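Visitor: Please take me through one part of this model in close detail. I would like to see how a single chain is divided and what holds the division together, and then how that part sits in the whole.

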Amino acid sequence: MIELMQNPHVPLAFAALAAFCVSVYVLADGLDLGVGILFLAAPRDDQRDLMMASIEPVWDANETWLVMGGTLLIAAFPAGYYVLLPAFYLPIMFMLFALIFRGIAFEFRLQATRFRFVWDIAFAAGSILATLCQGLILGGLIGGVPMQDGMFSGGPFSFFSLLGLMCGVGLLGGYALIGAGWLIWKTDGTTQVFAREIAHAALILTAVMMALVSLWSALTVPEVAARWFALPNLLLLAPVPLATLVVLVAIWRGIWEGAEPRTFLLSLVVFALGLVGLVVSLWPYVVPRHVTVWDGAADPQTLGFIAVGLVIILPIVLAYQAHAYWVFRGKAERHAGGYGGDALAAEPAGGPR
Amino acid sequence: MDAVELARAQFAFTIGFHILWPTLSIGLAWFCTLLSFLWWRTGRPVYRDLMRFWIRLFALSFGMGVITGIVLSYEIGTNWAGFSRSVSNVLGPMFMYETLTAFFLEAGFIGIMLFGEGRVSKGTHLFACLMVSTGALFSATWIIAANSWMQTPAGAVADANGIFHVTDWWQAIFTASFPYRLAHMVCASFLTGAFVVAGVSAFHLWRRQHLVASRTAFSMAMWLALVLAPTQIALGDLHGRNTLEHQPVKLAAMEGLWDTTKGSAMTVIAWPDMAEQKNLYALDIPHLASLYLTHSWDGEVAGLKTVPPSDQPNVPVVFFAFRIMVGIGLALLATAVTGLVLRLRGRLFYARWFQLLAMATTPLGFLGVLAGWTVTEAGRQPWIVYGHLRTADAVAPVTAGAVTTSLIIFFAVYNVLLLSFVWFAGRLALKGPADTSPPSHEHPGLDRTNAGLLAASSTSPASLSSSSTSPATLEQAGA
């Protein structure tokens with residue numbers, strides 16, 4: 001096992017897996033962060049009830065992928081963990097605060113009556129702030145992290161960049177697009193109409209910011225420009241932006257017509273393409289321009305130990321997560337169970353079912 | 001405060017706040033699973049009412065645990081980069097396996113547990129409850145394996161750069177202190193859960209409402225407490241003797257024992273003075289410490305002075321936290337035994353002073369857990385990996401200003417969270433379970449059936465079966 005793990009292809013496999021976990025996180029939590037971003041834009045309280053009900057059974061599993069990303073990083077690429085996390089101290093902390101507020105809003109909003117708007121705001125503001133922080137982290141990653149003697153060597157604000165802000169706004173648009181797509185699929189009536197209307201705005205924001213971020217990082221980060229515009233690469237990589245463009249147009253044309261899941265599924269494709277572009281820009285680094293996946297990987301015996309579990313357990317995890325989505329398939333409904341609400345007094349009495 | 005102290009303060013605060021929720025949710029998850037099982041097997045509505053009620057409270061505590069737990073999985077990197085650089089080869093996989101086997105399991109089935117009743121069969125709902133509670137136990141197992149490795153490291157060697165490499169996974173996971181800590185913590189969760197159930201049920205008994213459900217739950221909780229409280233004390237004794245063997249300095253701090261002695265006295269209470277390296281105002285009982293630590297009259301117990309003061313933990317913190325933990329354990333045992341005595345006399349549901357006492361015990365389990373973790377974590381200092389890596393060498397290159405900012409926000413946010421939780425969970429708990437069970441008639445006249453609910457649900461089978469309760473009885477009880 002240890003010999004096998006010393007093979008230079010092994011860190012590649014783990015890098016692919018880490019990319020997979022990040023993708024699942026971004027796609028899955030993207031939909032419920034997106035619903036949160038759109039939350040206050042919804043005109044009526046009952047629409048907000050429905051929006052929240054549509055993600056209630058799945059948000060926890062989605063957010064668990066964030067923990068999975070963190071723990072896979074410390075297990076497989078420790079250098080990425082102990083250099084990048086201090087480097088992004090403030091945005092990570094504020095993302096966590098934001099996630100606390102939006103997470104707790106799931107629990108308390110349904111029970112609140114007079115001060116429900118407070119939890120509405122907590123949920124929406126938490127979603128927006130968490131997204132912006134993720135954008136700042138993303139922009140900081142593309143821009144690079146100062147490092148000396150194997151440790152982060154910058155200050156508390158060296159994460160900040162204009163590129164990061166652009167990424168943050170872009171992610172807001174992107175998550176809102178996924179969220180709107182999800183709502184078109186999972187809700188009906190006025191909530192669905194609202195989602196269709198706002199999907200246009202989200203799509204425009206996403207497209208504009210994707211273009212801006214790509215251009216700006218090519219202009220300001222020479223390594224990124226070199227990766228994309230050197231000659232064989234330019235032709236080999238051209239399909240990525242072209243495909244993105246095609247999918248964006250396809251979304252635009254399908255918001256009102258076409259099958260209901262279409263906007264959601266195509267917006268996932270947009271994100272997947274964006275992530276491919278990101279991997280191209282950052283490859284092969286764990287800590288951009290300092291530590292490669294080969295230098296940053298954990299001990300072979302550690303990789304071997306986690307490989308066993310990942311190969312066996314991850315497929316099972318994916319299967320029962322898919323099952324949970326399946327159980328709650330169909331249009332969302334305002335339910336009275338779970339986190340509370342007024343169900344207690346109104347519970348119909350009855351014998352054993 | 002310098003960067004190390006700030007990082008320690010932040011970690012202690014965030015992990016101390018976090019541990020409250022897993023403590024509650026591990027116990028409640030299994031209680032809900034038990035209720036789901038009883039409902040599935042017996043079909044008695046009282047179990048369904050209790051299950052729905054306790055699942056709501058479980059959901060609140062579970063959510064608090066999730067959001068405060070995510071913080072910790074990142075703090076280990078953001079604030080303890082030196083630590084994660086040194087130990088990631090050993091502990092990284094344990095954290096990852098916790099996510100993979102525990103968090104995903106919980107997250108995958110929590111939706112069905114909370115919202116699935118009615119959408120899935122009773123058997124499937126029970127299975128979802130079982131998966132969530134099993135996930136909670138897996139989580140405790142992995143995280144305590146990681147913590148135990150920090151206390152009693154094994155199965156790994158450090159290289160010249162101070163980076164640990166695993167030589168034997170079995171030894172690294174099943175370290176010397178692991179089984180004791182795991183058993184002690186899981187038992188603490190169940191015990192805390194039992195006293196929360198007892199306290200909430202006692203409140204309803206005291207108010208003479210939801211009688212059928214509350215009696216059932218109160219009785220179950222007191223049986224559990226009767227088994228768990230002595231078990232926990234026995235496990236604590238085993239754990240203490242394990243600590244004596246592997247972390248003698250921590251044990252000496254718990255006992256307030258400075259000099260290595262044979263036939264050591266037990267110090268009931270004192271002020272351990274670290275500057276003087278002795279106890280002030282000590283109340284000692286001769287030979288007792290040797291008796292319970294070594295199980296012999298003249299057994300030798302190592303004292304704090306076996307190591308220089310720079311290698312000693314903060315003795316008063318460990319000393320007093322230990323006494324609080326033990327005191328709470330004894331108080332809970334006394335409550336459980338009192339419950340048994342009342343039960344044997346047939347007064348378990350009627351002794352009003354005991355209902356007040358049970359309500360008062362509700363927070364004790366949490367305080368005991370906090371005190372216990374303070375003993376073991378503060379007692380490990382000044383080491384983060386016992387005997388190998390000092391806490392001061394483990395921090396991240398983050399400025400004190402950044403940590404101060406986050407610490408202040410954590411403090412504010414967590415207080416808001418706690419207040420909100422107490423408000424909403426308290427409201428749910430005080431409202432109580434639904435009454436769809438026929439009222440029991442074992443002591444007619446004492447029951448106060450909820451007349452309003454009875455009228456509201458007049459078409460339900462429950463009200464038909466309870467129609468034998470005459471209006472006169474209702475009025476009499478209500479007066």
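**The two domains of chain B**

Guide: Chain B is divided into domain 1, residues 3-250 plus 308-431, and domain 2, residues 261-301. Keep in mind that this is a predicted model. The centres of the two domains of chain B, taken over C-alpha atoms, are 30 Å apart. The contact between them involves 8 residues of domain 1 of chain B and 6 residues of domain 2 of chain B. On the domain 1 side, the elements that give two or more residues are α7 and α10 of chain B. The most comes from α7(B), with 4 residues. Sorted by class, this side of domain 1 of chain B has 5 nonpolar, 1 polar and 2 charged residues.

Now look at domain 2 of chain B, residues 261-301. Find strand β4 (residues 266-273) of chain B and strand β5 (residues 278-285) of chain B. They pair in the antiparallel sense, over 6 bridges.

Go back to α10(B), one of the elements on the domain 1 side of the contact. Helix α10 of chain B runs over residues 315-344 and has 30 residues. Its first and last C-alpha atoms lie 44 Å apart, close to the 44 Å expected at 1.5 Å a residue. Which residues of α10(B) are buried? They are B:V315, B:V318, B:F319, B:A321, B:F322, B:M325, B:I328, B:G329, B:L332, B:T335, B:A336 and B:G339. Here is a rule for reading such a list. An α-helix has 3.6 residues a turn, so residues three or four places apart point the same way. What covers the buried residues of α10(B) includes the helices α6 (178-206), α7 (211-246) and α8 (248-255) of chain B. Strand β4 of chain B is also among the covering elements, as are α11 (352-361) and α12 (364-378) of chain B. Just after α10(B), B:G346 takes a positive phi of about 75 degrees.

One more position in chain B: B:T134 lies in helix α4 (residues 122-151) of chain B. Is B:T134 buried or partly exposed? B:T134 is partly exposed, because 18 other C-beta atoms lie within 10 Å. In sequence, B:T134 and B:I26 are 108 residues apart. In space they are 8.9 Å apart, C-alpha to C-alpha.

Finally, the neighbour. The contact between the chains takes 63 residues from chain B and 65 residues from chain A. On the chain A side, the elements that give two or more residues are α4 (59-76), α5 (78-87), α6 (89-108), β2 (151-152) and α15 (300-327) of chain A. The largest share, 13 residues, comes from α6(A). By class, that side of chain A has 42 nonpolar, 17 polar and 6 charged residues. Chain A itself has 16 helices and 4 strands. Its radius of gyration is 21 Å, close to the 20 Å that the globule rule gives for 353 residues, so chain A is as compact as a globular protein of that length. Buried residues make up 53% of the 353 residues in chain A.

How values were computed:
Residues are numbered from 1 along each chain as its sequence is written. Chains are lettered from A and ligands numbered from 1 in the order in which they are written. This is a predicted model: local features need pLDDT of at least 70, side-chain atom pairs count only at pLDDT 80 or more; totals for chains, interfaces and linings use all residues. The radius of gyration is taken over C-alpha atoms; the globule rule is 2.2 Å times the number of residues to the power 0.38. A residue is buried if 20 or more other C-beta atoms lie within 10 Å of its own, exposed if 12 or fewer, and partly exposed in between; C-beta atoms are placed from the backbone. Two residues are in contact if their C-beta atoms, placed from the backbone, lie within 7 Å. Ala, Val, Leu, Ile, Met, Phe, Trp, Tyr, Cys and Pro count as nonpolar, Asp, Glu, Lys and Arg as charged, and the others, Gly among them, as polar. Two strands pair if DSSP finds at least two bridges between them. The expected span of a helix is 1.5 Å times one less than its number of residues. Domain bounds come from an automatic or database domain assignment.
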